[in-house]
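Hello,

Here is the structure I promised to pass on to you. Have a look at it first, and then read on for what turned up in it.

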Amino acid sequence: MAPGECQVWWARPLTGDVPGGLAALLDPLEQGRRAAYRRDADRARFTVAASLLRVVGGAHLGLPPAQVAITRTCPDCDRPHGRPALPVAGWECSVSHSGDRVAVAVGRTGPLGVDVEEAASRANAGLREMVLADDERGDDFVTYWVRKEAVLKATGEGLRVGLTEIVVTAPDSGPALVRAHRADLPARATLRTLTPGDGYRACLAALDTPALTVTELDATPLLIAAASAG
């Protein structure tokens, strides 16, 4: 990939027995997090997301997936649940999953954030109050949600900042943009609306990458090959 390019790889973790064949790629910390999930669906999503990041990252960095040292340092505690980082400078990544969608973004960009949400599962009046700022209105509030989450993943602020504190453009008002948050953020953040399929909304955010180029790809062949190799 050239500077400014990003790939978003899409996977569906709940089909077939692919997740079980990928678990061997995970490091001990990831194995522990995987084992902590009680529901099979949650375990499958995590397994596919973590292994796909290793497969894609390894392909670009010239490393076997199991040897890609992914760090997830949290800025607030010593638990490994922060934004993921690849072991080579100049490469950024982000991961998201919801329902039967997994998104893994890898690029030669500034800090990345990707978010996907299942629209039906978020259709809740109480959630609207947690997401929308005072001047944000509209039926498709899940699009607001994914834009804000993507930006906060890119900045690394995550749950430390309420979604109502960041203001983005409306889904029907043209390109996705940050309207307000920190004074420098609207100029630094580039957003791209993604295409996760019917019933889902997704967005990618990159900082300090004004000429961002995004390619969306199907990860199924990569996962099948990685599971077979394992």
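Let me begin with one side chain: Phe46 counts as buried, because its relative accessibility is 5% and the cut-off for buried is under 20%. Please keep in mind that this is a predicted model.

Tyr37 itself is partly exposed, at 24% relative accessible area.

The count of aromatic pairs comes to 2. Phe141 and Trp145 also pair: their ring centres lie 6.3 Å apart with the planes at 55 degrees, so this pair is tilted. Both residues belong to helix H5, where they are 4 residues apart, about one turn of the helix. Phe141 is buried at 2% relative accessible area, and Trp145 counts as buried at 8%.

Now to the strands. An open sheet is built from 3 strands in the order S4-S8-S7, with antiparallel pairing. Strands S4 (112-118) and S7 (189-193) are at the edges; each has a single partner strand, so one side of each has no neighbour in the sheet. On average, neighbouring strands are turned by 15 degrees against each other, direction ignored.

S4 pairs with S8 (residues 200-207) over 7 bridges. Within this pairing, Leu112 has Ala206 in S8 as its bridge partner. Helix H5 (residues 141-155) packs on the sheet and touches S4, S7 and S8, with its direction at about 150 degrees to that of S4.

Enjoy exploring!

Best wishes

Note on methods. Residues are numbered from 1 along each chain as its sequence is written. This is a predicted model: local features need pLDDT of at least 70, side-chain atom pairs count only at pLDDT 80 or more; totals for chains, interfaces and linings use all residues. Side-chain values use heavy atoms; hydrogens and water are left out. Two strands pair if DSSP finds at least two bridges between them. Helices (H or I, at least four residues) and strands (E, at least two) are DSSP runs, numbered from the N terminus. Axes are lines fitted to C-alpha atoms, for helices over the stretch in contact, and angles run from 0 to 180 degrees between N-to-C directions. Contact means heavy atoms within 4.5 Å. Rings of Phe, Tyr and Trp (its six-membered ring) pair if their centres lie within 6.5 Å; planes under 30 degrees apart count as stacked, over 60 as edge-to-face and the rest as tilted. Buried means under 20% relative accessible area, exposed over 50%, partly exposed in between (1.4 Å probe, protein chains only).
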